[in-house]
Protein chains: 4
Amino acid sequence: MDNETADRIRESFEAQAMMHTLGAQLTQVADGAVEITAPILPTATQQQGFGHAGLTFSIGDSAAGYAALSLLPLDCEVVTAEIKINLLAPAVGDALVARGHVIKPGRRLVVVSSDVHALKDGAETLIAVLQGTMVPVPR
Amino acid sequence: MDNETADRIRESFEAQAMMHTLGAQLTQVADGAVEITAPILPTATQQQGFGHAGLTFSIGDSAAGYAALSLLPLDCEVVTAEIKINLLAPAVGDALVARGHVIKPGRRLVVVSSDVHALKDGAETLIAVLQGTMVPVPR
Amino acid sequence: MDNETADRIRESFEAQAMMHTLGAQLTQVADGAVEITAPILPTATQQQGFGHAGLTFSIGDSAAGYAALSLLPLDCEVVTAEIKINLLAPAVGDALVARGHVIKPGRRLVVVSSDVHALKDGAETLIAVLQGTMVPVPR
Amino acid sequence: MDNETADRIRESFEAQAMMHTLGAQLTQVADGAVEITAPILPTATQQQGFGHAGLTFSIGDSAAGYAALSLLPLDCEVVTAEIKINLLAPAVGDALVARGHVIKPGRRLVVVSSDVHALKDGAETLIAVLQGTMVPVPR
């Protein structure tokens, strides 16, 4: 991946206040594949003390969006047109890792997916899968 | 709606740290229909300064979940099995209002929907629609 | 609705061999709202003898697509970018009726929904809800 | 995979009249992975002459459902609770191949995915991805 694209993604990520609020970090950036890692902060839990679905969704959606952006011209941004999440297991552990991928790039629509794993004592458990559509828009 | 059910929903909502973090409030609770209102905090924005999709999702999903819970026995909780969001317009304005509804109640699965509106100068704009499945679990 | 738009939709519907195979008919066409009715043919059942999910999907998706098309310029066609179906009850009865609606029209994307009902002895049961995205393409 | 499970899946598939109507065949059955192949019959096309989304959906959904069933006790059937399809390319070619997989098995819910490819002159093109939830029910 060229430096300009990587820089643009990092810059866009840094500009997302929500990612800061959730303590999320961009932990890998490659062509068509982006990883975001976040702790399960006590400020991001649901009523049973597990990570909130909104946390899992936020990092899953962002990882998918940046995976799409990594394949687009530098003068583009992306917005999520739609995305669906299936939640497989409670968000419990030391951190969550979301890995976004591009399934089908396109000029008008980019179809993406994302897997979210919970990390606990070095082991990963798949807790959610997302499938959606990103739309390139002028920056 | 009986007081016990309303109290249980309020209690569960209060226990969601994520809702506090987002500044969200439970603004209406009825049988099969729940409303959550949240400001667009500067801590919950995306890279263009609009409300993050994770904010829209979080209150839309929670409103749908509590709509399901409002029709279930008092010893139940619900978890989201899956939910899909279509984003229609940027989250811009003074606040967001999510209204969850039950489409089809069931003992094993509750099918739900949620509309999220942006409020600006007293006018509402529909910014997202969600459709999903909640699963009753023992409290 | 003007006659040209109605004619175009009828013409496009007639050109869908799949609709003939399923015995489906266009039973209502209005601006942003289209209804398709189909019998539950013995050739369109699943293993328990109920209507196949593919039948329910096919008419639900087409009703939503034509609802989108009804709001577009005459030189457009639409294709389904994505659609999600929640199945609520078995497809049992005399016929199925799918009603498609436009949630949000747009030049690039049209967000749609569709309800599918089973008709039995004059009564309707909601058996499925669909939510999706149509993309206008040149005819 | 044991013979009893394979036989049960073949038997259930044969009982689906819709699969016969579409000319679909069960071309592979393994634990948690099932493949269905179908021609693009002139009776299953949409208005532009491509395979109808209802064809792609029908075999994608069935492949995912049988993938789920392959991991369940012999006295179960499955029904689709919900499934979402993203359509990536027109259904053009000699045949369509749907490959269903289990993402997460469960006693109450089985989360599944399915890829549908178009075959043309020996080459495969991915035309659709599905992600959904199957529910085990008594046979």
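Predicted model: local features only at pLDDT ≥ 70, side-chain atom pairs only at ≥ 80, totals over all residues.
Residues are numbered from 1 along each chain as its sequence is written, while chains are lettered from A and ligands numbered from 1 in the order in which they are written.

**Chain A overall**

- Chain A has three helices and six strands. Helices (H or I, at least four residues) and strands (E, at least two) are DSSP runs, numbered from the N terminus.
- Read from the N terminus, the order of elements in chain A is α-α-β-β-α-β-β-β-β.
- The radius of gyration of chain A is 14 Å, close to the 14 Å from the globule rule for 139 residues, so chain A is as compact as a globular protein of that length. The radius is taken over C-alpha atoms, and the rule is 2.2 Å times the number of residues to the power 0.38.
- Along the principal axes, the C-alpha atoms of chain A fill a box of roughly 40 × 25 × 25 Å.
- Of the 139 residues in chain A, 59% are buried. Buried means under 20% relative accessible area, exposed over 50%, and partly exposed in between (1.4 Å probe, protein chains only).
- Among contacts in chain A with a separation of 6 or more, 63% link residues 24 or more positions apart. A contact means heavy atoms within 4.5 Å.

**Strand pairing in chain D**

- Strand β2 (residues 33-39) of chain D pairs with strand β4 (residues 95-104) of chain D in the antiparallel sense, over seven bridges. Two strands pair if DSSP finds at least two bridges between them.
- D:Pro39 has D:Ala95 in β4(D) as its bridge partner.
- β4(D) also runs antiparallel to strand β5 (residues 110-120) of chain D, with nine bridges joining them.
- β4(D) and β5(D) form a hairpin, with five residues between them.
- D:Lys104 has D:Val111 in β5(D) as its bridge partner.

**Strand β3 of chain B**

- Strand β3 (residues 76-87) of chain B is mostly covered, with 11 of its 12 residues buried.
- Five bridges join β3(B) to strand β3 (residues 76-87) of chain A, and the two run antiparallel. Here A:Asn86 has B:Glu82 as its bridge partner.
- Within chain B, 11 bridges join β3(B) to strand β6 (residues 123-138), again antiparallel. B:Leu87 has B:Ala128 in β6(B) as its bridge partner.

**B:Thr5**

- B:Thr5 sits in helix α1 (residues 3-14) of chain B.
- B:Thr5 counts as buried because its relative accessibility is 6%.
- B:Thr5 touches B:Ser70 and B:Leu74, leaving aside residues up to four places away in sequence.
- B:Thr5 and B:Leu72 are 67 residues apart in sequence, yet 8.8 Å apart in space, C-alpha to C-alpha.

- A:Asp121 lies in the loop between β5 (110-120) and β6 (123-138) of chain A. A:Asp121 is exposed, with a relative accessible area of 69%.
- Phi of A:Asp121 is near 50°, a positive value in a residue other than glycine.
- Most residues other than glycine have a negative phi.
- C:Asp121 lies in the loop between β5 (110-120) and β6 (123-138) of chain C. Its phi is near 50°, a positive value. C:Asp121 is exposed, at 69% relative accessible area.

Methods:
Heavy atoms only, no water.
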